[in-house]
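Trainee: I'd like to learn how to read a few features off a model. Could you walk me through this one?

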Amino acid sequence: MGMQSVAVACGALTLCLALTTATNPGFVVRITQAGLDYAQEQAIATLEKKLAQLKLPDISGDSRVLRVGKVHYELSRLRLRDFHLPYSRITPISNKGLQVSISNAFAELDGDWRVKFLFIRDHGSFDLKVENIYIKILLRLGSDTSGKPTISTPDCSAHISKVRVLFSGKLGWLYNLFHSVIERRLRKILEDKVCDKVAMSVYNELQTYIRTLPVTARIDDKIGIDYSLVAPPRATAQSLDADLKGEFYSLAHRSPVPFSPLPLAFPSDHERMVYFGASSYFFNTAGIAYREAGALVFEITEAMIPKDVEFKLNTSVFSAFIPQLEEKYPNMPMKFRVSTPTAPFLTIGEGGISFQPIVDVQAYAILPNSSLAPLFLLSLTGNVSAVINVRSGRIVGSLDVGRIRLSLKDSAVGTFQVRMMQSLINILTSSTLLPRLNARLDEGFPLPLLDRIQLSNILVRFHQNFLLLGADVRFQRRG
């Protein structure tokens with residue numbers, strides 16, 4: 001019984017560790033205080049316009065005025081002329097969300113009044129100035145079942161310190177005798193309406209906008225990237241962080257990745273508005289996905305070799321190293337089929353990105369009837385480094401290949417010294433294979449960006465196990 005309990009405990013511990021590992025993100029987005037401040041500027045500009053569109057109800061009631069008696073009043077056609085939010089601050093609050101504080105806001109409105117007391121009736125207009133408006137909003141961030149971000153306003157408070165009403169007309173003086181009653185009512189209405197409009201704007205505008213963050217990004221007809229949230233966005237004292245799955249996958253068939261992402265030791269950089277942490281897991285799942293989709297298979301024919309490269313891909317050229325070729329397949333065109341027996345696995349360190357891919361090169365002779373005769377199978381390996389940048393919201397790059405090492409895996413034309421082919425393989429790699437790979441990498445892979453966001457002032461740094469990209473942000477308004 002004791003051994004059974006130990007086994008259960010070990011199993012539970014293993015499960016907990018597995019679950020903990022599974023929650024590590026493959027990709028991290030961090031919005032710094034500078035980024036939050038910029039986002040707040042854009043949001044406040046929108047909120048100002050929305051508040052200026054507030055519809056205020058008509059007000060009526062009775063009030064007793066000294067030496068006059070009961071007065072019935074009506075305020076109608078209340079029109080907001082403007083609503084200004086000159087000072088605001090957004091603050092990330094750990095484990096809660098984002099707090100937006102607006103101070104010294106002010107508004108102006110006008111309307112019509114009617115009054116009746118005893119047998120007297122009159123009407124006129126009024127102007128209202130609302131000053132020292134303070135608004136505090138808590139924004140709570142979460143995620144739905146699809147991994148998209150959500151936002152809500154669990155708390156909003158508005159306080160108006162000063163309301164001044166100026167009535168005009170023959171009996172305007174009468175209104176001025178009990179203006180405090182009207183000011184209290186208008187203050188309460190405005191405070192409630194402001195928070196109602198804030199909640200509505202967050203739901204209709206902000207919620208809609210943040211859901212433009214792509215959960216999946218389709219790269220081409222074979223590959224996509226999973227950018228779903230693995231946990232709700234979390235606020236820290238200086239930033240807002242979002243942990244994303246960060247995983248490439250085959251559109252035809254998605255299979256589990258045979259390894260898990262490692263924790264990212266994100267630096268405390270705050271020079272840019274936003275930072276992206278792309279882990280080695282993120283890049284290595286790309287290799288798996290492309291290999292599963294059959295996208296890491298290339299064919300090289302003579303037609304693909306640039307004309308300025310004086311090289312013919314035929315048996316006559318290779319017979320200098322393999323005499324048997326001229327006997328079996330005299331002066332026949334050849335084709336190379338390049339593939340990867342395993343997905344390439346890269347490492348990221350402070351020195352950059354590097355990996356040592358293993359590539360199989362199967363050589364064929366193209367017979368007169370267009371069928372293929374297998375000749376030999378080479379294994380190629382070598383040091384490959386990558387240069388990374390960001391362009392138009394996409395991660396772009398290029399590869400540089402060091403010295404290539406060859407070995408013979410199989411041959412249908414007898415044994416031969418593969419080292420004699422070194423220069424020919426170098427030519428084929430540099431003139432055909434590498435340009436094709438770099439052309440694809442130059443197209444890039446999309447970063448997880450909200451709609452109408454442009455990046456500038458790009459920063460690229462390498463850290464242990466991940467690539468750090470920093471940028472400033474600009475929002476493009478419509479129209």
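Trainee: Is Phe-321 buried, partly exposed or exposed?

Mentor: Buried means under 20% relative accessible area, exposed over 50%, and partly exposed in between (1.4 Å probe, protein chains only). Phe-321 has 21% relative accessibility, so it counts as partly exposed. Keep in mind that this is a predicted model, where local features need pLDDT of at least 70, side-chain atom pairs count only at pLDDT 80 or more, and totals for chains, interfaces and linings use all residues. Residues are numbered from 1 along each chain as its sequence is written, and side-chain values use heavy atoms, with hydrogens and water left out.

Trainee: Where is Phe-321 found, and which residues is Phe-321 in contact with?

Mentor: Look in the loop between helix H6 (315–318) and helix H7 (323–328); helices (H or I, at least four residues) are DSSP runs, numbered from the N terminus. Contact means heavy atoms within 4.5 Å. Leaving aside neighbours within four places in sequence, Phe-321 contacts Phe-416, Met-420, Met-421 and Leu-424. The C-alpha atoms of Phe-321 and Asp-82 are separated by 85 Å.

Trainee: And which residues touch the most other members of the largest nonpolar core?

Mentor: A nonpolar core is a set of buried Ala, Val, Leu, Ile, Met, Phe, Trp, Tyr and Cys residues joined through side-chain atoms within 4.5 Å. In the largest one, of 49 residues, those are Phe-83, Leu-85, Ile-102 and Phe-126. Apart from it lies another core, of 45 residues, among them Met-273 and Ile-395. Phe-126 touches, among others, Leu-75, Leu-78 and Trp-113, not counting residues up to four places away in sequence.

Technical notes
Helices (H or I, at least four residues) and strands (E, at least two) are DSSP runs, numbered from the N terminus.
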